[in-house]
Amino acid sequence: MTDVAILILAAGSSSRMGEPKQLLSLGKQNLINTVIENALKSSAKKVFCVLGAYAKEIENTGLPNGVKILYNSEWQNGLGTSIAVGVEQISSLEEEFSGLLLILGDQPKVDFKYINKLIALFKEDPSKIIASKYKSGNGVPVLFPLKYFGCLTQLSGDKGAKHFLKEINSDHIEVIDEIGLLDDLDTPEDYQKFLNHSVKL
């Protein structure tokens, strides 16, 4: 079995943006819905999204059908808690998955084609971690096999997937980001740069 679930991490308070970046307008829809729809278009079996800060505001705007919302009441304690809570809740379900793909809720250019590339590599060798390559190391999106789920539930604070990958450096496959898909939107400048680029396309 190589059924993969996606866990979108969108529980943060967007302190550097100065407003809920999950709700930033990207054309006809907002940021979080763009990320969710990219995931839903992929070959993943199920899509989950962790919310925390602004959970009510985000849900009140309407979310795409097909996504399962999870909640992190400890979102103030960092990204690691969202991963831990999300993996723990997914692991408690009757439905089983052989792999879990972590995606940040602020990477709108990570489209279903890139997601499917990660999943395809995972299906070739379901024992390996499939990670995205950055100049500073490896990180999300990253696909973890079932054997790592227990370790992921132990993450805390701001120690997320990138920190975890450094500890197990010899046991993953890298996927090189060749066309800037991994850019995230952390600041107003990032957001404006994304909008300007989108207009030119």
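## Start at the paired strands

This is a predicted model. Begin by selecting E6 and E8: the two pair in the antiparallel sense, over 4 bridges.

Which residue in E8 stands opposite serine 132? Glycine 139 does. Now follow the chain from E7 into E8, and you'll pass through a hairpin of 2 residues.

How covered is strand E8, which spans residues 137–145? Mostly: 8 of its 9 residues are buried.

## Into the cores

Next, select Ile6, Ile8, Cys49 and Leu101. In the largest nonpolar core, which has 36 residues, these four touch the most other members. Colour the elements that give two or more residues to this core, among them strand E1 (4–10), strand E4 (46–51), strand E6 (99–104) and helix H1 (31–40). Helices H2 (55–60), H4 (112–124) and H7 (188–200) belong on that list too, as does strand E5 (67–71).

A second, separate core holds 27 residues, including Leu9, Val50, Val142 and Leu155. As a rule, nonpolar side chains in soluble globular proteins tend to be buried together.

Last stop: zoom in on isoleucine 8. Beyond its neighbours within four places in sequence, isoleucine 8 is in contact with residues including Ile32, Val35, Ile36 and Ala39. Also select Val47, Phe48, Cys49 and Val50, then Ile103, Leu104 and Gly105, which are in contact with isoleucine 8 as well.

Methods: Residues are numbered from 1 along each chain as its sequence is written. This is a predicted model: local features need pLDDT of at least 70, side-chain atom pairs count only at pLDDT 80 or more; totals for chains, interfaces and linings use all residues. Side-chain values use heavy atoms; hydrogens and water are left out. A nonpolar core is a set of buried Ala, Val, Leu, Ile, Met, Phe, Trp, Tyr and Cys residues joined through side-chain atoms within 4.5 Å. Buried means under 20% relative accessible area, exposed over 50%, partly exposed in between (1.4 Å probe, protein chains only). Contact means heavy atoms within 4.5 Å. Two strands pair if DSSP finds at least two bridges between them.
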